[in-house]
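Colleague: Hi! Could you walk me through this one?
Modeller: Happy to, let's look together.
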Amino acid sequence: MQYEGPEGVSSLAVKSDSRGLAWEIWIPAIVFVLYAVHGSLLGLTDDEAYYWVLAQHPSLGYAFHPPAVAWSIWLLQKLAEGLGLAQVLGSPHTFLVRLPAAFYASAVLFLALKWMKSAGVLPSRLWKGALILLSFIGFFSASWMMVPDLPLFFGWTLAFISTWELCFGEERVSRYIGLGFGLTLAMLSKYSGVLALASAGVALLLWSRPRVLMRGLAVIGLSAGIAAAPVLVWNMRHDWASLLYQLRDRHGDFKFSGIRYVRFWIVQLLIAGPPLLGYFLFLPKRSFFCQTRELTQVARYILAWTLPGALVFCLQPAWSDFKLHWAFVVWFPIALELGWAWGKSDKYDRVASWQCTYGLFFGILILGVCHVPFIPWIGEKITGRSFDPRLDVSNDMYGWSMLRSYVQTSGLRGLPVVGSRYQTASQAAFALSGVSQATLIPRDLKQLDEWPDLKISKGQGPEWPELVASVLFVSDNRYGARPEFKNARCIQIQRIDEKRLGYLAKQVDVWKCEPQGS
């Protein structure tokens, strides 16, 4: 079945309209440069530093996520070393860690605009779709950070457009490859990537020709097997620790909470945008009661890619805790549909303009807050009291680079460094690369392979061990902790303070611990 536009013209015919700039090329290219430069000017977040640690020892799996994010950082790191870029920048460098994120984010935008074009939007109007996507502040204001959601969304979007082309366009080998690679990457990025597999399967069942359906389902099955293999092997070797964490431990307090559920929707209203959330609420109406075949077909296809995520991430917060970004996979296809609709017709000017005004304003503000401390300034003006730096999460990207200077100038170079949480251990490992080794103590079974055994204690495990060598212990003002080594004497030797335009951003405490009797 070939998708037909409103005038009965094949969707592929819109390619003949070459008016205006090649928006699907230029806008993603500009976003790539912006994200690469912006990210290179800031320190890593705690999670990014952790993924960098994982990338130093590629594995089939890890404690909290499948391996795609670490593999991406490792691959770029090796390419940079081979090209000599790492030596020029000084390795490690935040630019190299975040460069895959800039690529993934701009590639997602490129694929999204490519889909809009194939679905009938004139090339000269693609900029409207781009503005809607960029106004989804929850995703695009943070996509310069290298986190598992970036390869997840790239894989999801590639599978989305490949499935669309197989259902409504010509059958090509490249589209089966795109479907398989996209699904595999999505499932290797986060466990929630399996939702893309469900959406692709439903879409093929509903709209593809019999031959395409059989081949498509075979590709889906092959992708599921390829993605599952490394994850299952790793979990088998670690007593299923990662899967059990996702299925049991992470949602252990399974109890209905109306307050939490209301909080979830308030948060999503803010990070998706009120117009986009409102547009989502009318998706069923557009899918079954729309007057034009074209709008109905697109809405139903979007529904197939929205519903699996909505059934999970829009209901789960009522019974267990949630993270802000889990529901992004629900709002992103809605942004795709609104961008497509605005590109097709000016009758969506009102809702699209409100979404762009809201999303682009706060998106740019969020990028600015990373560099200029607006939040503590406003906080002190309102309360008249000193601002708690932990309330501004952008402060997490500051302070740790000063640890490197302190260790180098204090005669402590080469001394092993320990953090009691993966966040502080990871930041120390990145900051002190080439100066001192860092590790995590204590750690459980699923984390044992992720951190080096520096031979500084008797035994490894979830309890504080007995120390057998002198070490430095680090903590910060977000994850404050004291060392609790057995049979050791620990003294705090330094507190590193970093300020942003006079406002305290980060405090890093450094302790020196020595075995008793040494």
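This is a predicted model: local features need pLDDT of at least 70, side-chain atom pairs count only at pLDDT 80 or more; totals for chains, interfaces and linings use all residues.
Modeller: Start at Val 417, which stands opposite Ala 438 in E2. Strands here are DSSP runs of E with at least two residues, helices are runs of H or I with at least four, and both are numbered from the N terminus.

Colleague: In which sense do strand E1 and E2 pair?
Modeller: E1 (residues 417–419) pairs with E2 in the parallel sense, over three bridges. Two strands count as paired if DSSP finds at least two bridges between them.

Colleague: And what is the order of the open sheet?
Modeller: Its five strands run E2-E1-E5-E7-E6, with mixed pairing. E2 (438–440) and E6 (488–500) are the edge strands, each pairing on one side only.

Colleague: New topic: at what angle do H14 and H17 cross?
Modeller: Roughly 90 degrees, and the axes of H14 (residues 274–281) and H17 (residues 328–344) come within 10 Å. Axes are lines fitted to C-alpha atoms, for helices over the stretch in contact, and angles run from 0 to 180 degrees between N-to-C directions. That makes H14 roughly perpendicular to H17 (65 to 115 degrees).

Colleague: Which residues of H14 make the contact?
Modeller: Leu 276, Leu 277, Tyr 279 and Phe 280, where contact means heavy atoms within 4.5 Å. On the H17 side, Trp 331 and Glu 337 are among them.

Note on methods
Residues are numbered from 1 along each chain as its sequence is written. Side-chain values use heavy atoms; hydrogens and water are left out. Angles under 35 degrees count as roughly parallel, over 145 as roughly antiparallel, 65 to 115 as roughly perpendicular and the rest as oblique.
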